[in-house]
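Please walk through this model with attention to its surface, its charged pairs and its strands.

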Amino acid sequence: MYIKDRNNVGIMGLLNYSFDDKYSVTATLRSDGSSVFAVGSKYATFKALGLGWVISNESFMNNISLIDRLKMRASYGENGNQAISRYQTLARLASRNAVYGDGSGIVNGVFVNSLANNELGWETTEVYNFGVEFAVLGSRLSGSIDYYTSTTGDLLLDRAIPRTSGQGSILS
């Protein structure tokens, strides 16, 4: 699959494999590009892997009539965030009036309004998920229980810097 809009481009590959209606594997690889990031950091690759085991389809479960369906799942995946505005990696200028000379004249001056960050890149979240799906009592009662955890790295945020730099923060 190929995705493209004005500022982004993405390519994704997906592989599904199932064996004997008991075991399943899903693998995904996605590469995204975004023009909002610095020159060397515009592209990133994110991967995901999911495994499933339908325990209720195993031969040792044939004599257990209480359980209609029992499946265990585990997955890992990465996701990217590009939630910044265009040109935020570049230094920006703004104008301001200033008093000139003896104070009788005002001139328009230019100053650095925000600092450049030539290393700004993708924020990445890693997610782990473990789950159990079940159906019992002739499928009259069914549900799933999941445990997941996520960790985000390389957060896109304004970081405070010393005011002596001329700025109070930089996007990092």
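**Surface patch, salt bridges and a hairpin**

Phe-19 has a relative accessible area of 45% and is therefore partly exposed; in this text buried means under 20% relative accessible area, exposed over 50%, and partly exposed in between (1.4 Å probe, protein chains only). The model is predicted: local features need pLDDT of at least 70, side-chain atom pairs count only at pLDDT 80 or more, and totals for chains, interfaces and linings use all residues. Residues are numbered from 1 along each chain as its sequence is written, and side-chain values use heavy atoms, with hydrogens and water left out.

Phe-19 sits in strand E2, where helices (H or I, at least four residues) and strands (E, at least two) are DSSP runs numbered from the N terminus. A nonpolar patch on the surface is formed by Tyr-17, Phe-19, Tyr-23, Val-25, Leu-49, Leu-51, Trp-53, Phe-60, Met-72, Val-132 and Ile-145, with about 1,000 Å² of accessible area together. Patches are made of residues with over 30% relative accessible area and no salt bridge; like charges are joined within 9 Å, and nonpolar side chains (Val, Leu, Ile, Met, Phe, Trp, Tyr) within 5 Å. The areas come from the Shrake-Rupley method with a 1.4 Å probe, and for residues only the protein chains shown count as cover. At least two patch residues each come from strand E2 (8-19), strand E3 (23-34) and strand E4 (43-54). E4 gives the most, with 3 residues.

Next come the charged residues. Side chains of opposite charge can pair when their charged atoms come close. The whole structure holds 7 salt bridges, each a side-chain nitrogen of Lys or Arg within 4 Å of a carboxyl oxygen of Asp or Glu. In one of them, Asp-20 pairs with Lys-22, and the closest N and O atoms are 3.4 Å apart. Asp-20 is partly exposed at a relative accessible area of 48%, whereas Lys-22 is buried at 17%. Another salt bridge joins Asp-32 to Arg-30, with the closest N and O atoms 2.8 Å apart. Here Asp-32 is buried, its relative accessible area being 11%, while Arg-30 is partly exposed at 27%.

Glu-78 and Lys-47 also form a salt bridge, with 3.1 Å between the closest N and O atoms. Glu-78 belongs to strand E5 (residues 67-81) and Lys-47 to strand E4, so the pair ties together parts that are 31 residues apart in sequence. Glu-78 is buried, with a relative accessible area of 16%, and Lys-47 is partly exposed at 44%.

A network of salt bridges links Arg-69, Arg-73, Glu-133 and Asp-146. Arg-69 is in strand E5 and is partly exposed, at 33% relative accessibility. Arg-69 and Glu-133 are 64 residues apart along the chain, yet their C-alpha atoms are separated by 7.4 Å. Leaving out residues up to four places away in sequence, Arg-69 touches Val-54, Ser-56, Glu-133, Phe-134 and Ala-135, contact meaning heavy atoms within 4.5 Å.

E6 pairs with strand E7 (residues 105-114) in the antiparallel sense over 9 bridges; two strands pair if DSSP finds at least two bridges between them. Arg-96 has Gly-109 in E7 as its bridge partner. The two strands E6 and E7 form a hairpin with 4 residues between them, and Gly-101 in the turn has a positive phi of about 65 degrees.
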